[in-house]
Amino acid sequence: MPQPYSPAAGDVAGQVTLTAKLAAPFTLGGVNRRTLTLLVALVPILAFGVLASVVVVPYVSLGPGPTFNTLGEVDGKQVVEIEGADVYPTSGHLNMTTVSQRDQLTLGQAMALWLSGREQLVPRDLVYPPDMTREEVKEANTTDFRNSERSAEYAALHYLDFPMAVTVETVNDDGPSAGKLKDGDAIDGVNGKPVATLDEFQALLEDTKPGDTVVLDYRRKDGPPGVATITLGKHPEGDHGYLGIGVLDAPWAPFSVDFHLANIGGPSAGLMFSLAVVDKLTTGDLNGGEFVAGSGTISGDGKVGSIGGITHKTQSAREAGATIFLVPADNCEEAKTAPQDGLELVKVDTLAQTVDALKTLSAGGERPHC
């Protein structure tokens with residue numbers, strides 16, 4: 001056993017020797033104890049790192065998505081294109097807003113997104129219901145978006161006082177009317193009898209049977225009025241004849257409105273699409289020189305409905321430079337919980353009321369606020 005060492009006062013060599021002895025490593029089986037301790041401590045850290053990089057969590061992140069100016073262009077095409085009518089020049093911004101979505105997150109990715117403060121983690125089942133596949137959810141969102149485009153057109157035409165008509169909304173590819181009628185046709189008569197409403201149209205068809213021939217008078221957006229002679233098929237839900245079309249009462253105009261925005265899902269672009277149609281078909285700028293953004297569903301008669309992710313959308317609008325944000329009335333309380341930083345929240349509940357609110361931007365009037 002080594003003996004304790006007590007150096008004499010001022011014995012420099014002795015001090016050095018003592019220091020060397022105290023610093024000498026203690027070994028166990030040839031492995032430095034400190035190294036072993038470090039390795040043991042690193043094991044759970046390394047294990048967590050591996051888990052964080054490979055384990056997928058049952059959450060989806062939601063955050064601010066891109067905005068699109070409905071008065072502008074995307075990929076060389078106008079977002080809202082009107083053909084067959086006089087279109088007035090527009091300027092500035094009427095931006096629709098979106099929510100970004102990330103799925104199949106690893107534990108590490110989820111933690112990083114949550115810590116960023118920009119993303120919200122929600123249970124995956126809320127976005128992808130267990131009884132639907134990912135593809136089915138995507139298809140449903142795409143359908144909602146297409147329906148919002150149609151509703152946006154109808155709402156704008158309704159606001160602009162275009163007359164109602166029995167309007168063809170869909171034509172079944174394998175139905176009796178395929179190749180004879182088109183989406184957007186207005187039906188004015190059945191077998192020489194005029195029809196002005198959906199109820200009148202359906203009443204005349206209820207007196208038919210499969211194999212009967214009907215003659216339909218119609219108007220077409222991109223052509224002259226026409227006549228279609230159609231042999232009825234068997235109706236899947238009744239004994240009367242079957243045209244194979246979907247029709248509804250809707251405002252009709254002799255020009256076409258098309259929307260060119262891909263890879264967007266859901267119905268919340270309806271309000272901003274309607275405003276773009278109105279802006280292009282009327283004089284002046286609805287935005288009054290302001291950078292206007294917003295969100296909201298819309299029905300064919302112009303009712304604005306609530307949407308999801310309002311706080312993410314106001315954030316994306318602020319970051320894009322918006323000064324005015326159009327908020328569906330039912331979303332106002334939630335919208336006020338997010339930082340506003342100079343973003344004015346304007347409460348809207350119908351298309352007509354929204355247009356009136358925007359007119360105050362240049363007139364200097366008072367707007368309804370959240």
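Mentor: Let's take those topics one by one. This is a predicted model, where local features need pLDDT of at least 70, side-chain atom pairs count only at pLDDT 80 or more, and totals for chains, interfaces and linings use all residues. Residues are numbered from 1 along each chain as its sequence is written, and side-chain values use heavy atoms, with hydrogens and water left out.

Trainee: Okay, strands. Which side chains of β12 are buried?

Mentor: In a regular strand the side chains alternate between the two faces of the sheet. In β12 (residues 213-220), V214, L216, Y218 and R220 point to one face and are buried, where buried means under 20% relative accessible area, exposed over 50% and partly exposed in between, with a 1.4 Å probe and protein chains only. Strands here are DSSP runs of E with at least two residues, helices are runs of H or I with at least four, and both are numbered from the N terminus.

Trainee: Which strands does β12 pair with?

Mentor: Pairing takes at least two DSSP bridges between two strands. With β10 (residues 186-190), β12 pairs in the antiparallel sense over four bridges, and D217 is the bridge partner of G189. β12 and β13 make a hairpin, with two residues between them.

Trainee: Now disulfides. How many does a search of the whole structure find?

Mentor: A disulfide is a covalent bond between the sulfur atoms of two cysteines. The search, which takes cysteine sulfur atoms within 2.5 Å, finds one. It joins C332 and C370, with sulfur atoms 2.0 Å apart.

Trainee: Why is the C332 and C370 disulfide called left-handed?

Mentor: Because the torsion about its S-S bond is about -60°. C332 lies in helix α9 (residues 332-335) and C370 in the segment after α10 (351-363), so the pair ties together parts 38 residues apart in sequence. C332 is buried, at 5% relative accessible area, while C370 is partly exposed, at 25%.

Trainee: Last one: at what angle do α5 and α10 cross?

Mentor: Axes are lines fitted to C-alpha atoms, for helices over the stretch in contact, and angles run from 0 to 180 degrees between N-to-C directions. The axes of α5 (residues 134-159) and α10 come within 10 Å and cross at roughly 70°. For contacts (heavy atoms within 4.5 Å), A155, A156 and Y159 in α5 meet L351, A352, V355 and K359 in α10.
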